[in-house]
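Have the model open beside you while you read.

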Amino acid sequence: MAHFDLSLLLTGQYREWLLAGLRLSLELTAIALVLALPLAVTVALMRLSPVRFLRAIGLSFVEGIRNVPLLVHMLFWYFGAPELLPESLRQRLNEGNFEALSAIVALTLYTAAYMSEDIRSGVRAIPTVQLEAGRALGFGYLASMRLIVLPQAVRIIVPPLISQTLNLWKNTSIATVIGVGELMYQAAKVEAASFRSAEAFSFATISYLSVSLIITGIAAWYQHRHPLRTA
Amino acid sequence: MKELIEKYWLYFLVGQYPHGPLGGLTLTLLLAAAGLLLALPLGVLLGIARLSAYRWLRWPVTALVMTVRGTPLLMVVFWAYFFLPSVTGVKTNQFSTMLIALVLFDGAYLAEIVRAGILGVPRGQAEAARSLGLGASGALRFVVLPQALRSMLPSLVNQFASSIKETSLGYIIGLQEVSFIASQINNLELTKPMPIYLMLAGTYFLLCFGLSRLAFWLDRSLSVARLSRAAAVRTA
């Protein structure tokens with residue numbers, strides 16, 4: 001094996017490819033996170049709702065998505081789903097970055113399914129008397145949730161949500177299968193162009209690790225700053 | 001849909017076997033099972049090392065576990081696929097590559113499950129074993145680990161479901177597991193991506209959902225058994 005030479009990556013087009021990949025990975029994470037959070041809250045509230053029908057929908061969403069690999073989600077949204085769209089819309093989508101769009105849909109749904117379970121168990125950890133007291137004071141179900149239960153549940157919910165964000169960050173790598181030009185894709189591209197697998201993959205590994213460490217650090221900071229209150 | 005199943009069910013289940021390499025759903029299950037079986041001893045060793053009293057052992061293992069947990073599985077697969085052959089000089093096939101990546105990756109995750117399992121055994125158990133004259137390793141082997149491993153059983157079943165999902169990444173390095181086979185079928189048919197990928201998703205769903213139900217049931221029956229044992233001790 002040729003000697004290890006990281007300087008190869010610090011100049012010219014290889015550097016640009018890798019940095020573009022890193023940026024796209026971060027963007028995918030940010031967009032999917034912003035979209036997944038409200039969806040996860042909605043699904044969690046459905047699963048906690050007193051209406052049986054809503055609970056069933058929430059449960060099917062969570063189980064249906066969690067039990068299928070993310071790779072299959074990506075393949076489905078990229079190859080399968082467009083078949084259902086009208087021709088004109090499909091053409092418009094193909095002009096844009098349809099790979100990235102499919103990846104965002106898959107990542108958002110996958111992350112939301114996991115996050116909704118964390119939110120649900122956080123809410124369930126708050127004693128039901130809190131909800132009942134809210135209802136007894138005349139708040140509706142949603143208002144008692146929003147004003148009384150959820151603010152208390154936040155401390156329990158945030159740490160697992162941060163670790164789901166870490167999973168989301170790692171999961172963006174799977175978008176490489178449908179040809180999204182994220183970090184893993186670019187690292188493989190550099191490897192193919194330069195035959196320098198060690199250097200290209202070192203860059204990708206160090207990038208993934210650094211962002212993972214930052215996310216872990218945020219989790220530690222949050223738990224230090226807002227420790228769980230024990231009654 | 002019916003026509004697709006009639007035409008491709010055998011290909012979907014075993015790949016080109018017996019006229020070619022084994023593939024399809026059988027390969028997926030085989031890989032997940034082999035990966036978990038080999039990762040388990042590694043996970044136990046790493047988990048124990050994470051709790052070791054010796055710093056020279058605890059720190060590097062902690063660093064290894066943290067590194068693996070901070071990188072995507074796909075990264076580990078790429079390292080094993082592109083880099084390992086250039087170091088060892090042995091060209092491994094896709095199955096062994098994927099197996100190595102899975103064992104390393106799941107080993108690091110299992111290490112944390114094992115560690116939590118050991119920490120979950122009340123301290124009094126280890127102390128009682130020590131005061132009865134067992135050494136540190138004897139106490140671990142005969143008293144703490146058996147209890148820790150039993151409480152881990154539901155997590156292990158869940159881990160098997162995760163392993164099944166993880167094997168789908170073999171697709172990327174051209175391993176003929178079930179996702180790859182489904183894509184091949186899609187390439188042959190060209191016009192029916194929707195039913196093909198839905199069927200693939202349904203297959204994973206049945207397996208993983210079934211396993212997670214099993215884990216739930218095991219968890220409940222184990223804790224019922226524990227409670228009734230505790231009650232028996234109290235009344236005795």
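1. Ground rules. This is a predicted model, so take note that local features need pLDDT of at least 70 and side-chain atom pairs count only at pLDDT 80 or more, while totals for chains, interfaces and linings use all residues. Residues are numbered from 1 along each chain as its sequence is written, and chains are lettered from A and ligands numbered from 1 in the order in which they are written.

2. Chain A. You'll find nine helices and zero strands here (both are DSSP runs numbered from the N terminus, helices being H or I with at least four residues and strands E with at least two). The C-alpha atoms of chain A fill a box of roughly 70 × 50 × 25 Å along the principal axes. Of its 231 residues, 39% count as buried (buried is 20 or more other C-beta atoms within 10 Å of a residue's own, exposed is 12 or fewer, and partly exposed is in between, with C-beta atoms placed from the backbone). Among contacts in chain A between residues at least 6 apart in sequence, 78% join residues at least 24 apart (a contact means that the C-beta atoms, placed from the backbone, lie within 7 Å).

3. Chain B. Nine helices and zero strands again make up the secondary structure of chain B. Its C-alpha trace spans about 70 × 50 × 30 Å along the principal axes. Chain B has 236 residues, of which 39% count as buried. For contacts in chain B with a separation of 6 or more, residues 24 or more positions apart account for 69%.

4. Where the chains meet. On the chain B side 31 residues are in contact with 30 residues of chain A. The elements giving two or more residues to that side of chain B are α3 (55-70), α4 (73-88), α8 (178-189) and α9 (193-235). The largest share, 11 residues, comes from α9(B). Sorted by class, this side of chain B has 21 nonpolar, nine polar and one charged residues (Ala, Val, Leu, Ile, Met, Phe, Trp, Tyr, Cys and Pro are nonpolar, Asp, Glu, Lys and Arg are charged, and the others, Gly among them, are polar).

5. The core. Which residues touch the most other members of the largest nonpolar core? They are M74(A), A187(A), V76(B) and V77(B), out of 121 residues in that core (a nonpolar core is a set of buried Ala, Val, Leu, Ile, Met, Phe, Trp, Tyr and Cys residues joined through C-beta atoms within 7 Å). Helix α5 (residues 94-120) of chain B gives the most to this core, with 15 residues. Leaving out residues up to four places away in sequence, M74(A) touches S102(A), A103(A), A106(A), I174(A), A175(A), V177(A) and I178(A).

6. A helix pair in chain A. The axes of α1 (residues 12-48) and α8 (residues 183-194) of chain A come within 7 Å and cross at roughly 165° (axes are lines fitted to C-alpha atoms, for helices over the stretch in contact, with angles from 0 to 180 degrees between N-to-C directions). α1(A) and α8(A) are therefore roughly antiparallel (the label for angles over 145 degrees). Residues making the contact include W17(A) and L18(A) of α1(A), and A187(A) and V190(A) of α8(A). By class, that contact has nine nonpolar, four polar and one charged residues.

7. A helix pair in chain B. Helix α6 (residues 123-131) and helix α7 (residues 136-166) of chain B have axes that come within 9 Å and cross at roughly 155°. That makes α6(B) roughly antiparallel to α7(B). Q125(B), A126(B), A129(B) and R130(B) in α6(B) meet A139(B), V143(B), V144(B) and Q147(B) in α7(B).

8. Backbone spots to look at. Most residues other than glycine have a negative phi, and most peptide bonds are trans. In this model, a cis peptide bond joins Y17(B) and P18(B), with omega about 0°. P18(B) lies in the loop between α1 (2-14) and α2 (24-50) of chain B. F195(A) has a positive phi, near 60°, and sits in the loop between α8 and α9 (197-225) of chain A. Is F195(A) buried or exposed? With 12 other C-beta atoms within 10 Å, F195(A) is exposed. L190(B) has a positive phi of about 65° without being a glycine, and lies in the loop between α8 and α9 of chain B. L190(B) counts as exposed, with 7 C-beta neighbours inside 10 Å.

Notes:
Two residues are in contact if their C-beta atoms, placed from the backbone, lie within 7 Å. Angles under 35 degrees count as roughly parallel, over 145 as roughly antiparallel, 65 to 115 as roughly perpendicular and the rest as oblique.
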